[in-house]
Amino acid sequence: MSTHVSHAHKKKNILWDYLTTVDHKKIAILYLFAGTLFLLIGGIEAILMRLQLMVPENDLFVGTTFNQLLTMHGTTMIFFAAMPLVFALMNAAIPLQIGARDVAFPFLNSLGFWLFFFGATLTNISWFTSGGAPEIGWTAYAPLALPEYTGTGSDYYVLGLQLSGAGTLIGGINFLVTIINMRAPGMTFMRMPLFTWTSFVISALILFAFPPLTVGLFLMMFDRLFGANFFDVTMGGNVIIWEHLFWIFGHPEVYILILPAFGVFSEVIPTFSKKRLFGYHSMVFATTLIAFLSFMVWVHHMFTVGLGPVANSIFAVATTAIAVPTGIKVFNWLFTMWGGRIQFTTANMWALGFIPSFVMGGVTGVMLALPPADFQFHDSYFVVAHFHYVILGGVVFGLFAGLYYWWPKMFGTLLNEKLGKLHFWLMFIGFHMAFLPQHWLGLMGMPRRVYTYLEGQQLDTWNYVSTIGALIMGVATIVFAINIVMTFVKGEKAPADPWDGRTLEWSIPSPPPEYNFKQTPLVKGIDAFWIEKMQGNKEMTPAEPLGDIHMPSPSILPFIMSLGFFIASFGFIYHVLPVIIIGMGIGLGSMLARSLKDDLGYHIHTDELQEKGV
Amino acid sequence: MKKGNLWRLLFLVSTLALVLTGCGDPELSALDPKGTGADMQLDLIMLSLYIMLGVMAVVIVIFTYVLIRYRQRPGDNHIPKQVEGNTKLEIIWTVIPIILLIILAVPTVYQTFVLAEDAAETTEDPVEIKVTAHQYWWEVEYPEYEIVTAQDIYIPAGERVHIELTSVDVIHSFWVPALGGKMDANPGLVNEMWLEAKQPGTYKGKCAELCGASHAKMDFKVVALERDQFEKWVADMKEPAPEPTTVSAQEGKQLFENNCMACHATDAGQKSLGPNLNGIADRKTIAGFMDNDKENLEKWITDPAARDVKPGSSGPKGMPAFHDKLTEEEISKVAEYLQTLTIE
């Protein structure tokens, strides 16, 4: 045991450690567990809905209750499960992939997490209030979301998203700065691993896409809490403005979720094909092109609004154009495997299962982009099938691939491969069983977001099949949970480089020490670690002599600040001024404390580093 | 061999697609179109589906080949050649999709404009219908005939009708899959579209935008009749309903006038807060989704917002439950009176 007096060496209780941590590796774990918790909640909501729809004219969850389930399922899955899980992987991998000791703003990293966590908790607490959960769909269209039609549930939606959205925006800015400023010597932009590239691009998307949502939510909040009339047609408002603002955010949001998944596949497939990524430059080009196009296509969510044939045609063509860069990516992955030596590890299974699943979601996306066809598809089960193919078959498969891939780096143990493969196959089968039939259910005349359907419309069989598929996915999730628990109890210890990896994160121990790299590595090309291994080196060539390492101090302020805004939200929802004042006081007070207090961090000294021998 | 596989797969999948085309409720399914709009839309859907199945097939063939050919075999530890890329291949899979998208874009833009045409482009003096969405029912007005009705939209078959859509509360969406695609009904705004049924028949319509608790049950019907039948329907609608003959129905009429007339008109030309009930005895359904019989009428009047009826429909602008205002017997009499409101 060291005798040095430094923060890192004080024995602390684990709860306090995680509440105050500013270490990206621990924040990754926080994001992972919070995201998984909400993934489970959203999954249970999905299964309850499928049970209601299993047979026609069922009586399990009707009317408002079902609408609450569908709203909370969508909101939870997009904002409180997929987003934080993406951030979990980004936090776990990016500083390591670029050879950095942490992110650019460790304090903000923690603040981003706690804002997200309290926002997500706030929205989910609505279930236990007298007004109930929101019942307006995850899209919360006005005027249904106005106080004339819905109660405090909608307030929980607005304020919860506002809070967690601020967290996401902070996280996005943080990663932009980190990736621009903190790359190791020699890692030029065109030598960055693809996951870092896609994360860089989505951080920029977050920077530009979340403000429109924030604006929309502010307008909605003013309409709801202070009687403004932005969306009230009787007072000169307009209901379509909300749809525009929501989808100007909402469409890039889809890419904010899927591009990191593309990044994961671009790491996993080369690693397990033992080949470098085919067409690296065109992959980067395709990623940025998708990002640019994502801001020019939002009206394809609004073809039936009545914007006219000119607007519809322009946005239709722009939308179909996205298929080109996406196609480039798919073929690049296929040709990365071509001529390789493909290993069927669990991580790679998810990547391989993704390819056919996502291509199906992609081609139905092109079909949906055609306005005349969309007039039939729109708001029917066809759309439900499409976006689940993209989000489950794309994003979730990507998250699982990334999780099985980076788990050893995050925790120092290996997830069980047998259970992992069982998890994959159950999920893969259940997924296609649940969502493939929904394509034709939609065309057979079943609108989305309906709590029931009448007998004798030939919708019964496929709905039944779909529910069975959902239940199989539920079983898959239980297998996954067992795998996690077993790995924590007696997981196999992971070596530093269990997959014969190609990028920097595999050149340091699993899990890495708090400072990541004892000496910043020198990067000599794409797949920096692979290059060193091919030259017969076991470690990276250092770019600096061994020296003291400067570390940021932990802080409880991000937690307290977020808690303050969380408390204030209840004051806003129930119009209780003292609660607003107390909550805002705590939040703003923490900001003041942070601004006034000098915190210069601390140093880990050279002799300590040598003592540890890492 | 590879090429043969591809064609076999294409054939298999397109046969499957054709089998599916026959699926669904013929009054509801977009896969079994009965209208000119739905015809065009299904054509475009099938064209895009075939192109997309072709793309899928290419991917699946390469995918399967790669997985089998390049899988790691036991004892194999070689390090594959590290390939950077291949400009020629990359150009091919950039250019071919662009060509496919152009092929798709031409009919798409053309149809987008056709569907946005005025009904008068092909039909001289088309029937004008104003459809107004309410939580959770559809008001139907024929300004030129001075007819106001609800839930069942009568149109002449074989010609385009002009529909003006709006809403009085939240956003709804008007969808008759078998006849044509949907269009939103937005509060404070008016949308226009045309609809054409090729043959006479009854077609099921749905609300396609989440509009509240009973969104799932906001069904309606479009009834297409031959032109002369349609004109007869217009004339019949304007005839006053016959006086009820039985005593209980006469008492029912009295009860109706005292309790229901504040919200429900029964004259052909009059708008009212709730649905106009002229000809309710001939409607296809009660409340859009229940069989039109006395029992269901009573069920509706007793408690419209009941769990198995239409949850949420007794709101401030909705229909109150009458179980605490009228006795069972009285409700039965009102139902009996309503059953005499026929136009036949």
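Where in chain A does A:Pro511 lie? A:Pro511 is found in the loop between strand 2 (492-493) and helix 16 (528-534) of chain A, helices (H or I, at least four residues) and strands (E, at least two) being DSSP runs numbered from the N terminus. A cis peptide bond joins A:Ser510 to A:Pro511, with omega about -15°. This is a predicted model, in which local features need pLDDT of at least 70 and side-chain atom pairs count only at pLDDT 80 or more, while totals for chains, interfaces and linings use all residues. Residues are numbered from 1 along each chain as its sequence is written, and side-chain values use heavy atoms, with hydrogens and water left out.

In chain B, the peptide bond from B:Gln135 to B:Tyr136 is also cis, with omega near -10°. B:Tyr136 sits in the loop between strand 1 (128-134) and strand 2 (137-142) of chain B.

Turning to the aromatic rings, those of Phe, Tyr and Trp (its six-membered ring) pair if their centres lie within 6.5 Å; planes under 30 degrees apart count as stacked, over 60 as edge-to-face and the rest as tilted. By this rule there are 85 aromatic pairs over all chains. For A:Trp138 and A:Phe246, the ring centres are 5.1 Å apart and the planes stand at 70°, so the pair is edge-to-face. A:Trp138 lies in the loop between helix 4 (106-125) and helix 5 (152-181) of chain A, and A:Phe246 in helix 7 (residues 240-273) of chain A, so the pair ties together parts 108 residues apart in sequence. Both A:Trp138 and A:Phe246 are buried, that is, under 20% relative accessible area, with exposed over 50% and partly exposed in between (1.4 Å probe, protein chains only).

Note on methods. Chains lettered and ligands numbered in written order.
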